[in-house]
Amino acid sequence: MGQIELKGISKFFKQEEVIKDLDLTIKDGSFTVLVGPSGCGKSTTLRMIAGLDDQSSGDIFIDGKRVNGVPPGMRDVAMVFQNYALYPTMSVHNNIEFGLINRKIPKKERETLIADIAEIVGLSDYMKKKPEMLSGGQRQRVALARAMVKKPEVFILDEPLSNLDAKLRHQMRTELIQLHKRLGTTFVYVTHDQVEAMSMGDEIVIMNKGVIQQAASPIELYHNPANRFAAQFIGTPAMNILPYKGIHFPSLSAKGKEEIGHFGFRPEHAQLHDGYDLKGEGLRISGEIVTRESLGAESIYQIQSSFGMFSVKTFLTPLMMNNMVTVTIPYEQLYY
Ligand code: ADP
């Protein structure tokens, strides 16, 4: 069983508190992604789970056992890093076998394990090759195989795909999702890329400045962000946040909110009208198209309104620049 619990974890580097009283439960068998801007404390959190760094205070439990001070090798956790950390002079076979060192497994059993894992990650034909003869994706698979061969309860992956090109990264994401399904092991995955987080995780932990902003499923994060940081971190382009500037909109009054402050909406929820067709219920905002970015099927418009600039993502055929347009945001898609 690979449940991980972090209770009241803080971490100081010299005087600086980089993790602040963090509480988190990572469910057994989940694919949990820690995501947040660079420097927010993701790697430090992973390293404390793995035992590579000690927390300054608090307790870590793996499978119900308190592991404070337990060295990495004794934690039933395997790590995969972005720089692979393969041994350049060893063959693929020996790199994978290295994961079994100190385990006193008889040679025959060891070979069966290695062959099985090589098959799973698609390396059977490359066992005699050295890492330098492999592509980036193949090297990453060797690193995965070396971690997998230990059959750990928990896999820890620190930005494992960031050295790969976009296409390969996409392919490896799918492979990792399938691998997770197949193994049923807990995966704890770190990335700064919210798209990667949303596409891979069944549980996502958004961090900022050493503090968890929200921990939830991708759907929950998208529909019910806990705060402004979480709202703007998830989604491309980011959620629009504009000041009310004293406007009156009925649903706000109905909820007893004061009509000052800010409201938000996602660019894909704003319906663009080209001067006509103003049927739908919702908040209407007019403005001028300032820029258009084409994504192929979709376009992203920046629109300057009296509330400020906002973005709209739409499948509509290209509209003219400098056109005045009106958008309708259905009331149920407004955040405030
Ligand atoms: P992330 O993985 O989210 O990019 P890190 O966990 O690597 O962030 O770093 C969190 C903070 O801790 C950063 O401000 C970083 O500079 C600092 N930090 C990380 N490792 C060390 C270290 N060994 N010594 C001093 N400061 C560190």
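Phe-155 stands opposite Phe-187 in strand S8, so that pair is a handy way into this structure, because S7 (residues 154-158) and S8 (residues 186-191) run parallel and are joined by 5 bridges. What you're looking at is a predicted model.

- How many of the residues of S7 are buried? The count is 5 of its 5 residues, so S7 is mostly covered.
- Val-154, Ile-156 and Asp-158 point one way from S7, while Phe-155 and Leu-157 point the other way.

**The six-stranded sheet**

- S7 and S8 belong to an open sheet of 6 strands, in the order S6-S7-S8-S3-S9-S10 and with mixed pairing.
- Which strands stand at the edges of this sheet? They're S6 (77-80) and S10 (211-216), and each has a single partner strand, so one side of each is left without a neighbour in the sheet.
- From one strand to the next, the twist averages 15°.
- Helix H4 (residues 136-148) packs on the sheet and touches S6 and S7. The direction of H4 makes about 175° with that of S6.
- Over at S10, the pairing is with S9 (residues 203-208), in the antiparallel sense and over 5 bridges.
- Within that pair, Met-207 stands opposite Ile-212 in S10.
- S9 and S10 form a hairpin, with 2 residues between them. Lys-209 sits in the turn and has a positive phi of about 50°.

**The five-stranded sheet**

- There's also an open sheet of 5 strands, ordered S13-S17-S14-S15-S16, and here the pairing is antiparallel.
- Its edges are strand S13 (271-273) and strand S16 (308-314); each has a single partner strand, so one side of each is left without a neighbour in the sheet.
- The twist in this sheet averages 45° from one strand to the next.
- Strand S14 (residues 283-294) pairs with strand S17 (residues 324-329) in the antiparallel sense, over 6 bridges.
- As a landmark for that pair, look for Ser-286, which stands opposite Thr-326 in S17.

**A closer look at Ile-114**

- Helix H3 (residues 107-120) is where you'll find Ile-114.
- Is Ile-114 buried or exposed? Ile-114 is buried, because 22 other C-beta atoms lie within 10 Å, and 20 or more is what it takes to count as buried.
- Leaving aside its neighbours within four places in sequence, Ile-114 is in contact with His-93, Ile-96, Glu-97 and Val-149.
- Ile-114 and Arg-146 are 32 residues apart along the chain, and their C-alpha atoms are separated by 8.8 Å.

**The ligand's surroundings**

- Which residues are around the ligand? They are Phe-13, Val-18, Gly-36, Ser-38, Gly-39, Cys-40, Gly-41, Lys-42, Ser-43 and Thr-44.
- Helix H1 (residues 42-50) supplies the largest share of this shell, with 3 residues.
- Sorted by class, the shell has 3 nonpolar, 6 polar and 1 charged residues.

**The whole chain**

- Taken along the principal axes, the C-alpha atoms of the protein chain fill a box of roughly 75 × 45 × 35 Å.
- Of the 336 residues in the protein chain, 32% count as buried.
- Among contacts in the protein chain with a separation of 6 or more, 65% are between residues 24 or more positions apart.

Conventions:
Residues numbered from 1 in each chain as written. Predicted model: local features only at pLDDT ≥ 70, side-chain atom pairs only at ≥ 80, totals over all residues. Helix = DSSP H or I, 4+ residues; strand = E, 2+ residues; numbered from the N terminus. Axes fitted to C-alpha atoms, helices over the stretch in contact; angles between N-to-C directions. Contact = placed C-beta atoms within 7 Å. Near = placed C-beta within 6 Å. Nonpolar A, V, L, I, M, F, W, Y, C, P; charged D, E, K, R; others polar. Buried ≥ 20, exposed ≤ 12 C-beta atoms within 10 Å, placed from the backbone.
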